[in-house]
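Please read them beside the sequence and the coordinates.

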Amino acid sequence: MKLGVLISGRGSNLEALLDARKRGELPRADFVLVLSNVAEARGLEIARAHDIPTCVVAHSAYRRDRAGHDRAVIDELRRGECEALILAGYMRIIGAEFVKAFPRGIINIHPSLLPSFPGLHAQKQAIEWGAKISGCTVHFVDEGMDNGPIILQKSVPVVQDDDEESLATRILEQEHKAIVEAVKLLSEERLRIVGRKVIIE
Ligand code: GRF
């Protein structure tokens, strides 16, 4: 399956995927393009180091025109022949047209056990709520924010003296495992959506 990965920054989830691919753990996943909305994203360097084509569609060039930015991104992803997409720290909400353009699937990783703590600073939200367990979720993307059918989740305990950074670090370790597992299932076409549920075949 030809996959595009969308990023906005650090790219550690992208790196986990590319390293897994290198180790032979993702034989059906062909990473054809890494696209960022931020030119300085460190993840772009990671992609280049793995010889993956990269592309930048800066959102700053589309002020007050989110649909226009989405369209430019979709064009680049089509040009790169992406069949399905991984949002790995892509800090943009994507519109309904975008979702429709990739019917084979768009997946996202989020640092909480959804539906708890959607949106920004999910780890801080979990700490401030007093949650004892948080974690990460990989889910299909629909028109809602952090909303689509859940593929898999991994739990992480919240300890008494956790701050946003310490919890984020422990969750990130699990994210790197979860995203590889989910992309393996996606690329092997073993995921079927039934209503809100994802059946793993
Ligand atoms: C991760 O915590 C991910 O769950 C969230 O954004 C962060 C991206 O980190 N959506 P990285 O760029 O993959 O290192």
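The numbered points below concern a predicted model, and they begin with the ligand.

1. The ligand site. The shell around the ligand is made up of Arg10, Gly11, Ser12, Asn13, Gly89, Ile109, His110, Pro111 and Glu175. By class, this shell has 2 nonpolar, 5 polar and 2 charged residues. Helix H1 (12-22) and strand S5 (106-110) each contribute at least two residues to it, and the space that the ligand takes is the largest pocket.

2. A polar side-chain atom of Arg10 is placed 2.6 Å from an oxygen atom of the ligand, while a backbone N or O atom of Gly11 lies 2.8 Å from an oxygen atom of the ligand. At Ile109, a backbone N or O atom lies 3.0 Å from a nitrogen atom of the ligand. Taken alone, the ligand exposes 370 Å², of which the protein buries 87%.

3. The cis peptide bond. The bond from Leu114 to Pro115 is cis, with omega near 10 degrees, and Pro115 belongs to the loop between S5 and helix H5 (122-129). As background to this point and the next, most residues other than glycine have a negative phi, and most peptide bonds are trans.

4. Positive phi values. Arg64 is not a glycine, yet it has a positive phi of about 60 degrees; it is found in the loop between strand S3 (54-56) and H3. Arg64 counts as exposed because its relative accessible area is 86%, and the cut-off for that class is over 50%. Glu81, in the loop between H3 and S4, likewise has a positive phi, near 65 degrees. With a relative accessibility of 47%, Glu81 is therefore classed as partly exposed.

5. Gly80. This residue is found in the loop between helix H3 (66-79) and strand S4 (84-87). Its relative accessible area is 23%, so Gly80 is partly exposed, given that the buried class ends at under 20%. The C-alpha atoms of Gly80 and Pro53 are separated by 8.6 Å, although these residues are 27 apart along the chain.

6. Leu6. Is Leu6 buried or exposed? Leu6, which has its place in strand S1 (residues 2-7), is buried because its relative accessible area is 0%. From C-alpha to C-alpha, Leu6 and Asp163 are 28 Å apart in space, and 157 residues separate them in sequence.

Methods
Residues are numbered from 1 along each chain as its sequence is written. This is a predicted model: local features need pLDDT of at least 70, side-chain atom pairs count only at pLDDT 80 or more; totals for chains, interfaces and linings use all residues. Side-chain values use heavy atoms; hydrogens and water are left out. A residue is near a molecule or strand if one of its heavy atoms lies within 4 Å of it. A polar contact is a pair of N or O atoms within 3.5 Å; within protein, one must be able to donate a hydrogen and the other to accept it, and residues adjacent in sequence count only if both atoms are side-chain atoms. Accessible areas come from the Shrake-Rupley method with a 1.4 Å probe; for residues, only the protein chains shown count as cover. On a 1 Å grid over the protein atoms alone, a cavity is a set of points where a 1.4 Å probe fits but cannot get out, and a pocket is an open set with protein on both sides within 12 Å along at least five of seven lines; lining residues have an atom within 4 Å of a point. A molecule sits in a cavity or pocket if more than half of its atoms lie within 2 Å of its grid points. Helices (H or I, at least four residues) and strands (E, at least two) are DSSP runs, numbered from the N terminus. Ala, Val, Leu, Ile, Met, Phe, Trp, Tyr, Cys and Pro count as nonpolar, Asp, Glu, Lys and Arg as charged, and the others, Gly among them, as polar. Buried means under 20% relative accessible area, exposed over 50%, partly exposed in between (1.4 Å probe, protein chains only).
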